Amino acid sequence: MPKDHIAGETYPERIRMGLLSRTFTPELVDFVVDEAGAREERTKSLPARLMVYFVLTMWLFTGSGYGLVLRELVEHWPRRAAEGWRPARTGSLTEARQRLGPGPLRLLFDRVAGVSGSAATPGAFWCGLRLTSLDGSLFDVPASKANAAAYGRSANGHRPGPFPQVRLLALVECGTKAMIGAAFDSFAVGERTLARRLLVHLRAGMLLMADRGFPAFVLWQAATRTGAQLLWRCSDSFTLPVDRVLHDGTYLSHLNGPHGKRITVRVVEYTVTTSTLDESGVSEETSELFCLITTLLEPQAVPAAELAELYTSRWTSETIFKHIKIEQRGGRTATLRSNSPAMVEQELWAMLCVYQAIHHLTVETATHAQLPVSHISFKQTLAAARRSVGADFSPSPTGRQGP
């Protein structure tokens, strides 16, 4: 059954409540606002609760200005006339965003991030291990002086890139595309450094996959100490001496650390051959050599062919960044809105929150339709989220708006 048909026709009735207030209830929003110390000292026309929802709504309408975003949020709010709500100027919305700060959005993401797959979820587990993946991407931010100083730019030869860039790293669950954790920093901060910040989310019973930019003794050692199993790809320049060849053609090697320390790893090397049929007959093409290292050392329990096939699940991370950067953000060339690092941070946490909210709706839709999560279209789910964004709550805890 086509994905678009599924996503367009099987949503439960209760999504009419509004995506944002279902995932981020007013009570939860009030909690993170208070926890971050962002509650306004006196009643304002743009209270903290409303601004949290406003910043989230920006990521459902990335091509719209502040005024249109606010209108989408409160257009169908049944009590807006009775509670004296008035449209706000762009400058007022900017000031209210600054008062709110990034703290509530960071705490909000912490509350909704995490695994969601069960043993019955297709692609979520393999041999009793929960499949996870680690990968990063770059996001362009406006070229203000503050952003340029905080984030830096990539360079092409001797010419710097047109925009400062933020490097974001995400730990995700492969079977469901759920965000488990995320970290971001300047372009100059490498992926391995960011990865250390995400190890707190790893557990025994997980299998973490990562691409060839991650293998290094210190990071590997820290990751294994969490109890998780690892399956990482290595680059051609990574040195892996052959210590012992195993019966299935894989071999044991080691990573060299400081002070003569060693960590034993199992190495799986393979190529992929693809066959195509054309007018001249069947032709075959062989890929580059893939080299994986893993903590799973026993070939009898974990065959090499299964590991090679399993590694393709790592592309879940690439798919998630595609969803965020193209479908949610509005295209590869789109930049964030914010001209200061604090507002960039707020905007990125909101981006991750909204992605996770769409993920929750995807899982709910899949459960309702009794289908795998992978059969539900992200694009169509995003469209449904936009249609259901109207506020069904009071913008402030008291329900009153100030002058």
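1. A residue counts as buried under 20% relative accessible area, as exposed over 50%, and as partly exposed in between, with a 1.4 Å probe and protein chains only. By this rule Arg 212 is partly exposed, at a relative accessible area of 35%. The model is predicted: local features need pLDDT of at least 70, side-chain atom pairs count only at pLDDT 80 or more, and totals for chains, interfaces and linings use all residues. Residues are numbered from 1 along each chain as its sequence is written, and side-chain values use heavy atoms, with hydrogens and water left out.

2. Overall fold. The protein chain has 14 helices and 14 strands; these are DSSP runs numbered from the N terminus, helices being H or I of at least four residues and strands E of at least two. Of its 403 residues, 53% count as buried. Among contacts (heavy atoms within 4.5 Å) with a separation of 6 or more, 66% are between residues 24 or more positions apart. The chain exposes about 18,700 Å², of which carbon and sulfur atoms supply 51%; the areas come from the Shrake-Rupley method with a 1.4 Å probe, and for residues only the protein chains shown count as cover.

3. Salt bridges. The structure holds 14 salt bridges, each a side-chain nitrogen of Lys or Arg within 4 Å of a carboxyl oxygen of Asp or Glu. One of them joins the side chains of Arg 314 and Asp 211 at 3.6 Å, N to O. Arg 314 lies in the loop between α11 (304-310) and α12 (316-328), and Asp 211 in the loop between β7 (206-210) and α10 (217-224), so the pair ties together parts that are 103 residues apart in sequence. Arg 314 counts as buried, with 1% relative accessibility.

4. A further link. Arg 212 and Glu 288 form a salt bridge through their side chains at 3.7 Å, N to O. This pair also connects distant parts of the chain, 76 residues apart: Arg 212 is in the loop between β7 and α10, and Glu 288 in the loop between β13 (281-286) and β14 (290-294). Glu 288 is partly exposed, at 41% relative accessible area.

5. Second largest pocket. On a 1 Å grid over the protein atoms alone, a pocket is an open set of points with protein on both sides within 12 Å along at least five of seven lines, a cavity is a set where a 1.4 Å probe fits but cannot get out, and lining residues have an atom within 4 Å of a point. The second largest pocket has a volume of about 160 Å³. Its lining includes Asp 211, Glu 288 and Arg 314.

6. Cavity. One cavity of 30 Å³ or more is counted; the largest cavity has a volume of about 90 Å³, a volume being the space filled by probe spheres set on grid points joined across faces, edges and corners. Which helix gives the most to the lining of the largest cavity? That is α13, with four residues. The lining includes Thr 362, Ser 374 and Ile 376.

7. His 375. This residue lies in the loop between α13 (341-369) and α14 (378-387) and is partly exposed, with a relative accessible area of 37%. His 375 and Thr 362 are 13 residues apart in sequence and 9.4 Å apart in space, C-alpha to C-alpha.
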